[in-house]
Amino acid sequence: MEFSSRARQKHVRLAGDRREQYPHSLQFYLEPPTESISLVEFESFAVDRLKLLKVVENLGVSYVRGTDEYKSKLESELRKLKFPYKALAEDDYEARRKDHISHFILRLAYCQSEDLRRWFLQQEMDLFRYRFNELSGSLMQKFLEHVNLSFEAISEDLKNELANELSVSTPGFSLTKVKEQMFYKVGLADAVDLFRARRVFIKDGFAFVPFKEIDVIVLNNYRTKLSKALALTARSLPSIQSDERLQPLLNHLSHSYVGPDYSVQKNAGKISLDQIDALSVKSFPLCMRQLHRALRDSHHLRHGGRMQYGLFLKGIGLTLEQALEFWKKEFIRGKVDADKFDKGYAYSIRHSYGKEGKRTDYTPYSCMKIIMSNPPSQGDYHGCPFRHSDPELLKQKLQSYKISPSGITQVLELVKGMHYQLACQKYFELTHDVDDIGFSLNHPNQYFTESQKLLSGGREVKKESNNSGNFQQKNNSQESINSSSTPTSSSAKADTELEGLEAYFTED
């Protein structure tokens, strides 16, 4: 793929050329794109695909995959973000092109660690599964031929001969259904998952797979190819990292946040220092509640905690004067005297508000940044409790906050599945006694804002009808990604601005 700093020149492509370049709305992404694109388009495509994969993740936890509700919401998101959603659309060349290019951009961004690769692989698999199952029978067959997975359909004579065995060995298949369904003769190595689950008839080293189960084999094939491709891409990273235009973008994408920008202080001065203790209990996310408690107990936070908590407080409305007063009062209660605070720590606070150094207005950390960067070490209190805490310690903390046993079980299940933001969202629901809150959590300041809206009556939500702990399936996906909000991933701003700030917060 080549990149140009100029906007891509639009040129006319013949309909025949479009169909030839992308003959199917679905692909295995085997060949990387070779055209030149602008850096603006590069970033726009990547952010849109990231939004899509975030929705795929949320829907996969909130709904049963393959249900009508799941499919309708995912189709709606594909439409909104202009990705292919209709297999037979004649004029979706731009959507197919965007799908192709954006996949490879995120592959570059998400190959950089095992956690990133695992997340990217899972969401791409879920997206592929939905799109493959939406194909008609004839289009499925054409796609299989296109990706060299054209399995041999068994003859009617052989199917009649094996009808009893096929019926007994294939769950949900009566003799009548066996005669109606097409079966494929597939090598056992390709059908190993179906074999393990005892869902197919095996004979002479071949699995006899009904057409409706062929997606399992296709998905396994896709998973294998994509896993290998991610590993190969990771090996080639050094050559990509040498490109000073791309590396900041790729680094930022893997930690990116695509919601509203909380660097603008809309509520500056509306919160008094006397309110912070009460707000920390009822409206702070667990990460900030933990930092606030640690600050009150020890009268000090190490630099990672000061950065994370200080920018959060700035985002909820503390003015520079309030921040200086807040931190000074707390620190001088510990081992820091007023003179040391004024000479060292005060400068760093003014710097974070854009009043010193480069005069950069620093942005509060998003959930992804907290989860993926600067993990806490011993003596630190920053980070994401759902990501960085031992499950037993997290359980004890939730118990101390009077979370019900069933609620704690739900949170820990989400943590076990590495759905850390959804675990925080469940914590929001449990502490606010609501269900179906109608937004997906991506930022600590978003948590605070939504909590305040709810407590002040500015948001209507469905009350929990039952606190017995049954895991309510809900929609957490749609409002989090607002097409009118400003993506803060639009540059390497968040990373470059931290270069200066890190230096001022390093003193413990």
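**Exercise 1.** Determine whether C367 is buried or exposed, and which cysteine sulfur is closest to its own.

*Solution.* C367 has a relative accessible area of 11%, and it therefore counts as buried, a class that means under 20% relative accessible area with a 1.4 Å probe and protein chains only as cover, whereas exposed means over 50% and partly exposed lies in between. The model is a predicted one, in which local features need pLDDT of at least 70 and side-chain atom pairs count only at pLDDT 80 or more, while totals for chains, interfaces and linings use all residues. Residues are numbered from 1 along each chain as its sequence is written, and side-chain values use heavy atoms, with hydrogens and water left out. The next step is the sulfur of C367, whose closest cysteine sulfur, in C424, is 6.0 Å away and so too far for a bond.

**Exercise 2.** State how many disulfides the structure holds.

*Solution.* A disulfide is taken as a pair of cysteine sulfur atoms within 2.5 Å, and the structure holds zero of them. C384 is likewise in no disulfide, the nearest cysteine sulfur being that of C287 at 6.6 Å; C384 is buried, with a relative accessible area of 10%.

**Exercise 3.** Describe the fold content of the chain by its helices, strands and buried share.

*Solution.* Of the 508 residues of the chain, 52% count as buried.

Key. Helix = DSSP H or I, 4+ residues; strand = E, 2+ residues; numbered from the N terminus.
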